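The sequence and structure are shown first, and the description follows.

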Amino acid sequence: MAKRTGSVVIVGAAMTGGNAAVALREEGYAGRVVLLGDESAIPFGRPPLSKTYLMGREDLKNWYVKPRDWYEANDVELMTGLRVEAIDIRAREVTMSGGGTLNYDGLLLATGGRNRRLPLHGADLDGIYQLRTVGECDAIKAAAAPGKRAVVVGLGFIGAEVTASLTSVGVKVIAVGSGKGPLASVLGDQVAAVMAAIHEEKGVELVLGDQVTGFAGRDRVEAVMTRNGRRLKCDFVVIGAGIVPNVELARDAGVAVDDGIVVDAFGRTNVAAVFAGGDVANHEHPLFGRVRVEHYNNAEKMGRAVARTMLGRLEPYDYLHSFWSDQYDDKLEYVGFTRRWDRFVVRGSLEERRFLGFYFSGGRLLAALGLNRGGDPELDESGELAVSGRVIAAGGRVDPAQLEDERIDIRAMLM
Ligand SMILES: Cc1cc2nc3c(=O)[nH]c(=O)nc-3n(C[C@H](O)[C@H](O)[C@H](O)COP(=O)(O)OP(=O)(O)OC[C@H]3O[C@@H](n4cnc5c(N)ncnc54)[C@H](O)[C@@H]3O)c2cc1C
């Protein structure tokens, strides 16, 4: 694609799409940039929706990718509230809701994901919410008056954070999860047990090792039923059941999909001039192999990286991956990536809730976690987590016994 002419169309005007548009301009691309999204919001980061914004402690301005007037000032045509309905890869054209069409020289699919629906009896009752958009967050906020009773379904990131935020504003929360505690599937049972204790100390009733089987109520939800026979009375429900990547547009156009849109290490799909990034992109990572990552830092960095690919700067996207989660005053930071591990070692104290955890597979360190310890790996270069990240990036060959041993400085392990 020529650098100073042509036209880039970006589908999905959120974190990935917004950052791609910014990077195109920052890198000097002077062609047409159209950024299209079906939400009404301008590109922004969703983290406060389960935390500070949900609790009424922050508005979203700090989370905008760029202020509203940046788009016009930088000649980025931001079209919100508009869906792309079809892609014609031969004509290099997209069709929008309403029938309008746009031609592209480069097309970035940043379509993200949507909430996974639970096909359960009563799931359509009023008072049952999911959380991805500002509108969905506002609806939960309106229901979350102090003294109300909520059931949170699912104890992944959204479920655990919403549980913490609702509890913090005075809602009485019962949280149901199939594992041994919050975040068990991502962080393991030991960390989940620590997180469970944190929530219980704040007054949350955790229903663990159980599953929701249906919802009861006349006009509105009144109770949640579980496999183990519980009937949990409530005023409202928030379901955090994960997301489904929005691949249909790509798939129908002939773009390869497999748990997301399949891209190579540069963000290129199997179709010429079509790229993908962010939550929807199943990408080839130089260290971790095929991964699809549903985190803010990936959306920001991959949006930018794929924009550079579109300009012909072919560098593999090798961001180490990282995320954070805030629950009450406790802060989790994570660097690296793994879904499975065969060894987990801890440095510090699980009881004091201040520790690092290290995830190994086949003798290789693949990921490190800090609870209230280790610093933000993005901001604190000499922090223990940033250093652990460098160990992972260098191949992760490190002795687990040394990592456990507080007498040995983690920084020394880099040598
Ligand atoms: C409540 C909440 C809290 C979170 N907190 C954290 C956190 O603390 N830390 C962290 O690391 N991550 C967090 N995340 C995850 C992070 O927000 C996501 O990784 C990020 O939103 C991904 O950005 P994206 O642009 O790739 O996808 P999305 O945010 O899903 O955006 C995709 C956009 O494309 C639009 N779209 C899809 N199809 C079309 C179409 N055909 N036409 C037009 N538009 C379309 C969608 O409507 C959407 O606006 C959180 C997510 C949520 C929901």
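## Terms and model

Contact here means that heavy atoms lie within 4.5 Å of each other. The model is predicted.

Helix H3 spans residues 134-143, and its buried residues are Val134, Cys137, Ile140 and Ala143.

## Domains

The protein chain is divided into domain 1 (7-114 + 244-310), domain 2 (128-239) and domain 3 (329-414). The centres of domain 1 and domain 3, taken over C-alpha atoms, are separated by 31 Å. Across this pair, 7 residues of domain 1 are in contact with 8 residues of domain 3.

## The ligand and its surroundings

The ligand is surrounded by 33 residues, and the closest are Thr16, Asp38, Glu39, Lys51 and Asp279. By class, this shell consists of 15 nonpolar, 10 polar and 8 charged residues. Domain 1 and domain 2 each supply at least three residues to the shell.

For Lys51, a polar side-chain atom lies 2.5 Å from a ligand oxygen atom. For Arg46, a polar side-chain atom is found 2.8 Å from an oxygen atom of the ligand. In the side chain of Arg132, an N or O atom is 2.8 Å from an oxygen atom of the ligand. The ligand taken alone exposes 1,000 Å², of which the protein buries 95%. Helix H1 (15-26), helix H8 (296-310) and strand S22 (322-327) are the elements that give two or more residues to the shell around the ligand.

## Residues with positive phi

Most residues other than glycine have a negative phi. Two residues are described here against that background. His321, a residue other than glycine, has a positive phi near 75°. His321 is found in the loop between H8 and S22. Its relative accessible area is 2%, which is under the 20% limit, so His321 is buried. Leaving aside neighbours within four places in sequence, His321 is in contact with His283, His285, Phe288, Val291, Val293, Asn298, Tyr334, Val335 and Gly336.

Arg92 is not a glycine either, and its phi is positive, at about 50°. Arg92 is located in the loop between strand S4 (84-88) and strand S5 (93-96). Arg92 is partly exposed, because its relative accessible area of 31% falls between the limits of 20% and 50%.

Ala196 lies in helix H6, which covers residues 189-201. Ala196 is buried, with a relative accessible area of 7%. Apart from neighbours within four places in sequence, Ala196 is in contact with Gly181, Pro182 and Leu206. Ala196 and Ala256 are 60 residues apart in sequence, and their C-alpha atoms are 40 Å apart in space.

Ala123 is placed in the loop between strand S8 (113-115) and S9. Not counting residues up to four places away in sequence, Ala123 touches Leu118, Ile128 and Phe215. Ala123 and Ile239 are separated by 116 residues in sequence and by 9.7 Å in space, C-alpha to C-alpha.

Methods. Residues are numbered from 1 along each chain as its sequence is written. This is a predicted model: local features need pLDDT of at least 70, side-chain atom pairs count only at pLDDT 80 or more; totals for chains, interfaces and linings use all residues. Side-chain values use heavy atoms; hydrogens and water are left out. A residue is near a molecule or strand if one of its heavy atoms lies within 4 Å of it. A polar contact is a pair of N or O atoms within 3.5 Å; within protein, one must be able to donate a hydrogen and the other to accept it, and residues adjacent in sequence count only if both atoms are side-chain atoms. Accessible areas come from the Shrake-Rupley method with a 1.4 Å probe; for residues, only the protein chains shown count as cover. Helices (H or I, at least four residues) and strands (E, at least two) are DSSP runs, numbered from the N terminus. Ala, Val, Leu, Ile, Met, Phe, Trp, Tyr, Cys and Pro count as nonpolar, Asp, Glu, Lys and Arg as charged, and the others, Gly among them, as polar. Domain bounds come from an automatic or database domain assignment. Buried means under 20% relative accessible area, exposed over 50%, partly exposed in between (1.4 Å probe, protein chains only).
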